[in-house]
Amino acid sequence: MPTLTNFFTLKEAAAHNTKEDCWCVIDGKVYDVTSYLDDHPGGDDVILEVTGKDATDEFEDAGHSNEAREMLKDYFIGELDESSIPELEIFSKNEPSKTFADLAKQYWTVPVAIAAISIIAGVIYLRRK
């Protein structure tokens, strides 16, 4: 019989951010690490700092061993609902990306102005000689 997986939003996981009730999100999975806080070799404050956000980068940067990765299975309580993660948008979806030719057409005044100033400065310099 298959087991049902619980799904949590990042906001739900973030609400569990105390020493008495601590959840972490690592690699799209949610872990209740409350009972492990006192045993964590880096101290409980390290874990408490990353509650309320995806702690995958911090977990990977710490260089955890394979044993530590196996221990995560004991604290697994569900998966992160990916639809609850806000999408960061760098470019507007409505605006097509610009090619080099488009940018060159748009910003042609700067190189032309530099060339014009250089020519005028050269003419003035040569007249003074």
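Asp44 is buried, with a relative accessible area of 18%; buried means under 20% relative accessible area, exposed over 50% and partly exposed in between, with a 1.4 Å probe and protein chains only. Asp44 sits in helix α2. Beyond its neighbours within four places in sequence, Asp44 is in contact with Lys19 and Leu37. Contact here means heavy atoms within 4.5 Å.

This is a predicted model, in which local features need pLDDT of at least 70 and side-chain atom pairs count only at pLDDT 80 or more, while totals for chains, interfaces and linings use all residues. Residues are numbered from 1 along each chain as its sequence is written, and side-chain values use heavy atoms, with hydrogens and water left out.

**Chain layout**

The chain has six helices and five strands. Their order from the N terminus is β-α-β-β-β-α-α-α-β-α-α. Helices (H or I, at least four residues) and strands (E, at least two) are DSSP runs, numbered from the N terminus. Of the 129 residues, 22% count as buried. Take the contacts between residues at least 6 apart in sequence: 65% of them join residues at least 24 apart.

An unreviewed UniProt entry annotates residues 107–126 as "transmembrane region". UniProt positions are given in the numbering used here, feature names are shortened, and annotations may be inferred rather than shown by experiment. In the model, the span 107–126 is 90% helix and 0% strand, and its end C-alpha atoms lie 30 Å apart.

**Thr5**

Thr5 belongs to the segment before β1 (7–8). Thr5 is partly exposed, at a relative accessible area of 34%. Not counting residues up to four places away in sequence, Thr5 touches Phe76, Gly78 and Glu79. The C-alpha atoms of Thr5 and Ile77 are separated by 8.1 Å, though the two are 72 residues apart along the chain.

**Largest pocket**

The largest pocket holds about 410 Å³ of space. Of its 19 lining residues, Tyr36, His40, Ile47, Phe59 and His64 are the closest to the centre. Elements giving two or more residues to the lining are β3 (21–26), α2 (44–49), α3 (56–61) and α4 (66–75). The largest share, four residues, comes from α4. By type, the lining divides into 16 nonpolar, two polar and one charged.

A pocket is an open set of points on a 1 Å grid over the protein atoms alone, where a 1.4 Å probe fits, with protein on both sides within 12 Å along at least five of seven lines; lining residues have an atom within 4 Å of a point. Volume is the space filled by probe spheres set on the points. Ala, Val, Leu, Ile, Met, Phe, Trp, Tyr, Cys and Pro count as nonpolar, Asp, Glu, Lys and Arg as charged, and the others as polar.

**Aromatic pairs**

Rings of Phe, Tyr and Trp (its six-membered ring) pair if their centres lie within 6.5 Å; planes under 30 degrees apart count as stacked, over 60 as edge-to-face and the rest as tilted. The count comes to three aromatic pairs.

Phe8 and Trp23 are buried. Tyr36 lies in the loop between β4 (29–32) and α2, and Tyr75 in helix α4, so that pair ties together parts 39 residues apart in sequence. Both Tyr36 and Tyr75 are buried.
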